[in-house]
Structure formats: structure tokens, C-alpha cells
Amino acid sequence: MPNIQHQAESQKFVLLADDEIIGELDYRTLNNTLDITHTRIEPQHRGKGLARHLVNAAIREAEKNGLNLTASCDYAEQILAREGRLSH
């Protein structure tokens, strides 16, 4: 299980490996909606499905707080649309 930390004050989730940040997901909340604005994985860690873990963390956070989900980030938008979680 990846080590993901929620930094609510910065509106982001960070993915850590050996105490080093290797990925981030940024979001904003507005009008009862969590909008995923950006996902980033360090180049040497790409292609391992790690960004998906960050999106899953954001989905869990939205569900926990009763928020709708949307995504300004193309990657996250594809996942949310495919799973029928995208709010319009």
C-alpha cells in the first residue's frame, strides 16, 4: 500500500517513498465539490499506477465529506468519468 498523506491545509495529497515525495495530487473545494486540479508523479516512478492511488485518496476524501467530484486534470477526469463518479 502506497504511503499517501493528506495535507488538507495545502489542499493536496502527497505520495511518499522512503520519506521522499514522488507524487502529488492538488485539489480545490468549492460549492460542495472537490475538483482535482493536477496530478504529478516523478518521471522515474511513472507507469506504475501510482497516480491512480492519489486519485483514489481524493475519491475517499470526497465520499467521507459528502462532496461531489469533478476534475480539471485530464488524467483524473478520465478515471472519474470511466467509473461514473464525475459530477457535472
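## Sheet, helices and a buried glutamate

His6 has Phe13 in E2 as its bridge partner. Strands (E, at least two residues) and helices (H or I, at least four) are DSSP runs, numbered from the N terminus. This is a predicted model: local features need pLDDT of at least 70, side-chain atom pairs count only at pLDDT 80 or more, and totals for chains, interfaces and linings use all residues. Residues are numbered from 1 along each chain as its sequence is written, and side-chain values use heavy atoms, with hydrogens and water left out.

**The sheet.** E1 and strand E2 (residues 12–17) pair in the antiparallel sense, over five bridges. Two strands count as paired if DSSP finds at least two bridges between them. Five strands make up an open sheet. Their order is E1-E2-E3-E4-E5, with mixed pairing. Strand E1 (3–7) and strand E5 (68–71) are the edges, each pairing on one side only. On average, neighbouring strands of this sheet are turned by 25 degrees against each other, direction ignored. Axes here are lines fitted to C-alpha atoms, for helices over the stretch in contact; angles run from 0 to 180 degrees between N-to-C directions.

**The helices.** Both helices in the table pack on the sheet. Contact means heavy atoms within 4.5 Å.

| Helix | Strands touched | Direction angle |
|---|---|---|
| H1 (residues 50–64) | E1, E2, E3, E4 (33–41) and E5 | about 165 degrees with E4 |
| H2 (residues 74–82) | E4 and E5 | about 135 degrees with E5 |

**Glu24.** This residue lies in strand E3 (residues 20–30). Glu24 counts as buried because its relative accessibility is 16%. The cut-offs are under 20% relative accessible area for buried and over 50% for exposed, with partly exposed in between (1.4 Å probe, protein chains only). The Glu24 side chain makes a polar contact with the side chain of Lys12, at 3.4 Å. A polar contact is a pair of N or O atoms within 3.5 Å; within protein, one must be able to donate a hydrogen and the other to accept it, and residues adjacent in sequence count only if both atoms are side-chain atoms. Leaving out residues up to four places away in sequence, Glu24 touches Lys12, Phe13, Val14, His38, Thr39, Arg40 and Leu54.

**Two loop residues.** Asp19 sits in the loop between E2 and E3. Its phi is near 65 degrees, a positive value in a residue other than glycine. Asp19 has a relative accessible area of 74%, so it is exposed. Asn31 belongs to the loop between E3 and E4. Phi of Asn31 is positive too, about 50 degrees, although Asn31 is not a glycine. With a relative accessible area of 68%, Asn31 is exposed.
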